[in-house]
Each structure stands twice: as C-alpha cells, then as structure tokens.
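Biologist: I would like to learn how to read the features of a model such as this one, beginning with the fold and ending with the surface. Could you take me through them one at a time?

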Amino acid sequence: EVDICNEALYSEINPLHLPEVLAMVGRHHGQSELYVALVSSIAGLFSTVNRKKFLQDRVEHHLSIIQEHTATVETLRTEIAAIEEAEENREEVQNEFESLGFKRRRT
C-alpha cells in the first residue's frame with residue numbers, strides 16, 4: 001500500500017524535476033527513503049532520457065511537413081498564375097477580334 005502511494009506521488013511530479021526532488025529526499029530522509037523514491041520514480045526518470053530526442057524528432061517531422069506544404073503551395077500558385085495568364089491572353093485575343101469588327105459569340 002505504501003509503494004502504491006509512493007508511485008502515485010512520484011508519477012505526479014514533472015519528470016524534469018525528479019532529479020531535484022530525489023536529491024532533496026536523499027539529503028533530508030536518508031538513503032533508504034531515497035531508494036524507495038528511486039524505485040517509485042524510475043519510469044519517470046527514464047521518460048526524461050528519451051523526451052529530448054522525442055521532441056527533436058517531432059520538430060524534424062513538422063519541419064518536413066512544412067516543406068512539403070510549401071512546395072504544394074508553390075505548385076498551386078504556379079498553376080493559378082498560368083490560368084490567369086491564359087485568361088489575359090484570351091481577353092486580348094477577344095479584344096483584338098472585336099477591334100477588327102468581329103463580334104463575340106454568345107455562349
């Protein structure tokens with residue numbers, strides 16, 4: 001029952017603060033209590049070891065998504081520019097035909 005309370009207590013502590021908490025337990029309560037605290041918080045301690053790498057991997061993942069989206073945006077903008085240019089060319093041709101006396105057909 002005491003172990004369950006200890007595990008519950010140490011699971012509530014931010015893993016990044018566990019080393020400081022464990023140091024205080026060792027200073028103020030002795031080696032046997034430090035051992036109990038270590039056993040109860042070992043999962044949290046191991047989670048901090050890989051947390052930095054996990055966060056770095058997430059940053060890289062999101063940066064790669066940003067690059068993909070940026071490339072997609074550029075492709076879409078290029079296509080929009082091509083459509084706009086085609087529309088301008090069509091209007092110029094229509095205006096030229098009208099200036100030569102040809103009337104626009106209704107569609």
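Modeller: Reading from the N terminus, the elements of the protein chain follow the order α-α-α, and the secondary structure comes to 3 helices and 0 strands. Please keep in mind that this is a predicted model.

Biologist: What percentage of the 107 residues in the protein chain is buried?

Modeller: Buried residues make up 8% of the 107 residues, while the accessible surface of the chain comes to about 9,400 Å², with 58% of that area belonging to carbon and sulfur atoms. As for contacts, among those with a separation of 6 or more, residues 24 or more positions apart account for 45%.

Biologist: How many salt bridges does a search of the whole structure find?

Modeller: The general idea is that side chains of opposite charge can pair when their charged atoms come close. In this structure the search finds 2 salt bridges. One of them joins Lys53 to Asp57, with the closest N and O atoms 3.1 Å apart, and both residues lie in helix H3, 4 residues apart, which is about one turn of the helix.

Biologist: Which residue forms a salt bridge with Glu74?

Modeller: Glu74 pairs with Arg77, the closest N and O atoms being 3.5 Å apart. These two residues are separated by about one helical turn because they stand 3 residues apart in helix H3. Glu74 counts as partly exposed at 43% relative accessibility, whereas Arg77 is exposed, with a relative accessible area of 52%.

Biologist: Which residues gather in a patch of negative charge on the surface?

Modeller: For such a patch, like charges are joined within 9 Å. Here Glu84, Glu85, Glu87, Glu88, Glu91, Glu92 and Glu96 gather in a patch of negative charge on the surface. Glu96, one of these residues, lies in helix H3, which spans residues 31-99, and Glu96 counts as exposed because its relative accessible area of 54% is over 50%.

Biologist: And which residues make the nonpolar surface patch?

Modeller: That patch, of about 420 Å², is made by Val93, Phe97, Leu100 and Phe102. Phe102, for its part, is found in the segment after H3.

Methods: Residues are numbered from 1 along each chain as its sequence is written. This is a predicted model: local features need pLDDT of at least 70, side-chain atom pairs count only at pLDDT 80 or more; totals for chains, interfaces and linings use all residues. Side-chain values use heavy atoms; hydrogens and water are left out. Patches are made of residues with over 30% relative accessible area and no salt bridge: like charges are joined within 9 Å, nonpolar side chains (Val, Leu, Ile, Met, Phe, Trp, Tyr) within 5 Å. Accessible areas come from the Shrake-Rupley method with a 1.4 Å probe; for residues, only the protein chains shown count as cover. A salt bridge is a side-chain nitrogen of Lys or Arg within 4 Å of a carboxyl oxygen of Asp or Glu. Lys and Arg count as positive and Asp and Glu as negative; His and the chain ends are not counted. The place of a charge is taken as NZ of Lys, CZ of Arg, CG of Asp or CD of Glu. Buried means under 20% relative accessible area, exposed over 50%, partly exposed in between (1.4 Å probe, protein chains only). Contact means heavy atoms within 4.5 Å.
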